[in-house]
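Open the structure in your viewer and keep the selection tool ready. This short tour goes stop by stop.

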Amino acid sequence: MSEHYKIREEELLFILNEQLGYGDLCNFERYRELSPDTLDMLVTEAIKFAKGVFDPLQSVGERNGTKYKNGQVYLAPGFKEAFKLCGENGWIAAVRDTTYGGQGFPNMMRIVISDIFSGACLCLHFISSLTHGAGHLIESSGSEELKERFVSKMYGGKWSGTMALTEPDAGSNLANIKTIAKRENGHFKIKGTKQFITYAEHDATENIIQLLLARIEGAPEGVRGLSLFVIPKILVNQDGTLGKPNDVVCGGIEEKLGLHASPTCVMNFGENDECIGYLCGEENMGLPHMFQMMNEARINTGACSVAIASTAYLNALEYCKTRVQGFDIAKRKEGFVPIIDHPDVRRMLLWMKAMVDGMRSMIYTTALFVDMAEENSDDSEKERYGLLLDFMTPIVKAYCSEMGFRVCEIAIQCLGGYGYCEEYPLEQYLRDSKIFSIYEGTSGIQSLDLLGRKMRMKHGRALQTFIDELDGFIEKNRGTKRFSGEMDLFRKALNRLKKISEAMASKMGVDPLHAASYSHALLRCYGDVIVSWRLLDMGIIAEKKLSNNKLSNTSGKKLFYEGKIFQATYLTNTVLPQTMALLDTCIREGREIIEIPEDSF
């Protein structure tokens, strides 16, 4: 396989510094001991760690996969040691407070780190990301005793963690969960089966901590009766040493399209009626507690998808610059030319470049909103950023997972037949990234969440706050000359999006089936508009940089800034007209989707 992981540090830092000004987070009390240079250093060190530790394990993991034998799962060579290094070097809990071993960086840096590590070795990153999420859930919802017993060992990489929600007959429908918790001597006995649980069993750590949803005997039916429990694979004694096994057994692992180095487990709890669980948070509040982790995971899923798309694009770009094939159709050059000279190849490359940069900016912007919502002392600003975060989360998750997969597909197309072969990493990228539109709630579920909840939450204030944010961007840049045409097109698309959204929100109240049948298309339009917003913003910043600096025509900086301008004008002018056409389909009267008889499919 050719060299795998590719990343451009300057692309990340341009968004973080020039566009978002993330160094301003250091003005918040919580981050007062940090500096913008420290944040930049974290990005640089994360890339070094990804290249040195994660990247070499991508091919090792794909080649060896995971092995299941007699209830035990064995990871690919090197994974155990790499996860240990993640803990020892502070990467698992980089954004958590120092109380239990965190590094105290802003919350948004978790998403930046995830972007960097996922592109290098997605399967390895999963165990680190899940451990962080499970540890943070205990830290935020658990008792002091649970925190002291579990969190620091998880953040330090000595133990790992995951979340156990899905069951054979309860996928997205968590109300149908059958796992039962029985009270017994200050704890609970757990009995049930969970399926599709990532890293629920492996040999990388001496203990694995599961955050599990179950129903306490006598609790209400449906999601209101679910509680959250901490389930260690090995029981932990009062002095912190490990005790006996906790009747948690892996029944097998799935054979999957991709992610061959990441174990997806079927887990049996309490087959011998000896599985002990500890209540985490309040009884019957399991789902609200778990949603803290799930919402973080949805933004993280978007980041992982864009990370794979980014390295796919850069691998395709390298190939297109060096692969010589065919003549220049305009006869500008004699003989055979690199395929990057062919217009259709350039079309694919420019679309991928724009989508990757736009989606990365979308995700980093949403991640920034987390810190702005949590750390702001101004209550009105805290609420505003909270609404923006809530509104954009389903769009980030669904749109970026689908478009990231599309980038991988186009990257393969650039390589032709070679892209379809294992000699290059692109076919693995495609297989691995398909899961993202399924993980943490499918695209259809995210679309319904946007239309049914987020657009109508707080009497439409979340939607209006989002519209106001983009209207403010238009007003701020009203005088731009270089992008006047694009800004006019953007304004028209935003106005159309607002009008259609209001119509669909109203229809959801009176004809939910019809409205829901076009919810996916509506979410796609939101994604297109947000990507255009972020690209235009970067383009305007780049144009100002070019105007204020005298750079030679061959200067790397000049070419870098020009790339921002070209991608903004290209995507805005080619995608937004399609977006407005798609918006029109959202309010068509046709009812084929809901009226076609099942037997007519």
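Begin with helix 16, residues 556-586. The model is predicted. Look along the helix for a kink of about 30° at Val 575. From first C-alpha to last, the 31 residues of helix 16 reach 44 Å, close to the 45 Å expected at 1.5 Å a residue.

Now go to the N-terminal end of helix 16 and select Ser 555, which caps it. A side-chain oxygen of Ser 555 lies 3.2 Å from the backbone nitrogen of Lys 557.

Next, select Asp 511. This residue sits in the loop between helix 13 (484-510) and helix 14 (512-516). Is Asp 511 buried or exposed? Its relative accessibility is 18%, so Asp 511 counts as buried.

Salt bridges are the next theme. The count for this model comes to 42. Pick Lys 545 and Glu 18, whose side chains meet in one of them, at 3.0 Å from N to O. This pair links distant parts of the chain, with Lys 545 in helix 15 (residues 519-548) and Glu 18 in helix 1 (residues 9-19), 527 residues apart. Lys 545 is partly exposed at 25% relative accessibility. Glu 18 is partly exposed too, at 35%.

Move on to Asp 97 and Arg 30. Their closest N and O atoms are 3.3 Å apart in a salt bridge. Asp 97 lies in the loop between helix 3 (79-88) and helix 4 (108-120), and Arg 30 in the loop between helix 1 and helix 2 (36-64), so the pair ties together parts 67 residues apart in sequence. Asp 97 has a relative accessible area of 35%, partly exposed. Arg 30, at 28%, also counts as partly exposed.

Then select Arg 384 and Glu 469. Here the closest N and O atoms of the salt bridge are 2.6 Å apart. Which helices does this pair tie together? Arg 384 lies in helix 9 (residues 379-415) and Glu 469 in helix 12 (residues 461-476). Glu 469 is partly exposed, with a relative accessible area of 24%.

Next, select Arg 8, Glu 11, Lys 353, Asp 357 and Lys 564 together. Salt bridges that share partners join these residues into one network.

Finish at the surface with Val 324, Phe 327 and Phe 336. They form a nonpolar patch with about 330 Å² of accessible area together. Val 324 belongs to strand 13 (residues 324-327). Its relative accessible area is 41%, so Val 324 is partly exposed.

Definitions and conventions. Residues numbered from 1 in each chain as written. Predicted model: local features only at pLDDT ≥ 70, side-chain atom pairs only at ≥ 80, totals over all residues. Heavy atoms only, no water. Patch = residues over 30% accessible without salt bridge, like charges linked within 9 Å, V, L, I, M, F, W, Y side chains within 5 Å. Areas by Shrake-Rupley, 256 points an atom, 1.4 Å probe, with all protein chains shown as cover. Salt bridge = Lys/Arg side-chain N within 4 Å of Asp/Glu carboxyl O. Helix = DSSP H or I, 4+ residues; strand = E, 2+ residues; numbered from the N terminus. Buried < 20%, exposed > 50% of the residue type's maximum accessible area, 1.4 Å probe, protein only. Expected span 1.5 Å × (residues − 1). Bend = angle between axes of the 7 residues up to and from the residue. Polar contact = N/O pair within 3.5 Å; in protein donor to acceptor, adjacent residues only side chain to side chain.
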